[in-house]
Amino acid sequence: MADRDERGEGLTVAVLGTGIMGSAMARNLIGAGLRTRVWDRSPSATAPLAEAGALTAASPEEAVRDARVVITMLPTADAVRSVIFAGGVAEAFVQGAVWAQMGTIGVTATAQAAARLARLRPDVVFLDAPVSGSKGPAASGKLLILASGPPEARAIVSPAFSAIGRKTIWLGEAGQGSRLKIVVNAYMSILIEGVAESLALAERLGLEQTELAEAIEGGPLDAPIVDAKLHKMERGDFAAEFPLEWALKDVDLALGEAGDDAPLLAALSRQWRAAVEAGHGREDVSAARLALRGP
């Protein structure tokens, strides 16, 4: 069985949570020829995946029942606890399954989930494997996976991770992936707010938005995330790739770990919270621009 799993033959992967990221991951699993079972609280989220070849489940318990790899791509720690532990899903895992927790839920919640699973199901492996990337990389199977957990899980999840990611960084014991993820997202959030405020300043000084883009493009200040979000802000395109409300959640997770050592993140959290409260939470993180006054 292990040899078959390493090649992906006969491997069933369950994806719990098929929003922007989870649905893209599921499509890549299907495209890689892996038997993919999906569940989401909203049946409308799984219907297109069924057309693409996924097996849909009426409940998360049904989704995991024959899955050797279970991926959770849920937005918050409360959602993970509710789905896995409140309804008997942990008990429904097959013996020897690997639970890859791939959403960003923070260091404390990750440790709690790992400990709770170990008490309930010591025969199931917990893998802390949050991903870095948004809608575009998820759709193209180019996510960065920050994996941490027991070494024996690597061969089991390898076919699935190869389908959804461009690279997997293995970081040691479970929890290290979540630590690095909140650091990466803190860095990303500061860059995006910097783009928003720089555009606002450019407009106030009477400059065209395109002039800022031209000055940065191809130089040492350029970065893919800067380029992408700058152009979304220029166009007024706030269609969600990474919703602002979830970006704020990640900033607050970082603040919870940073204490008094992150004054810039603290100010950013207040700014983005105001934008979310103004109704921009479901829009892309680039909607941070909307929270700034115009010229």
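1. Start with the largest cavity: its lining is made up of Ala213, Ile216, Glu217, Asp222, Val226, Asp227, Leu230 and His231. Keep in mind that this is a predicted model.

2. Two elements give two or more residues each to that lining, namely helix 11 (209-216) and helix 12 (224-235). Helix 12 gives the most, with four residues.

3. As for volume, the largest cavity holds about 50 Å³ of space.

4. Now over to helix 2, residues 20-31. With 12 residues at 1.5 Å a residue, helix 2 should span 16 Å, and its end C-alpha atoms sit 17 Å apart, so the two figures agree.

5. Is helix 2 largely enclosed or largely open? Nine of its 12 residues are buried, so the rest of the structure largely encloses it. The buried ones are Met21, Gly22, Ser23, Ala24, Met25, Ala26, Asn28, Leu29 and Ile30. If you're looking at the model, that list takes in Ser23 and Asn28 as well as Leu29 and Ile30.

6. One last thing to look at is what comes after helix 2: glycine 33 follows it, with a positive phi near 85°.

Technical notes:
Residues numbered from 1 in each chain as written. Predicted model: local features only at pLDDT ≥ 70, side-chain atom pairs only at ≥ 80, totals over all residues. Heavy atoms only, no water. Expected span 1.5 Å × (residues − 1). Buried < 20%, exposed > 50% of the residue type's maximum accessible area, 1.4 Å probe, protein only. 1 Å grid on protein atoms, 1.4 Å probe; cavity = no way out; pocket = protein on both sides within 12 Å on 5 of 7 lines; lining within 4 Å. Points joined across faces, edges and corners; volume = space filled by probe spheres on them.
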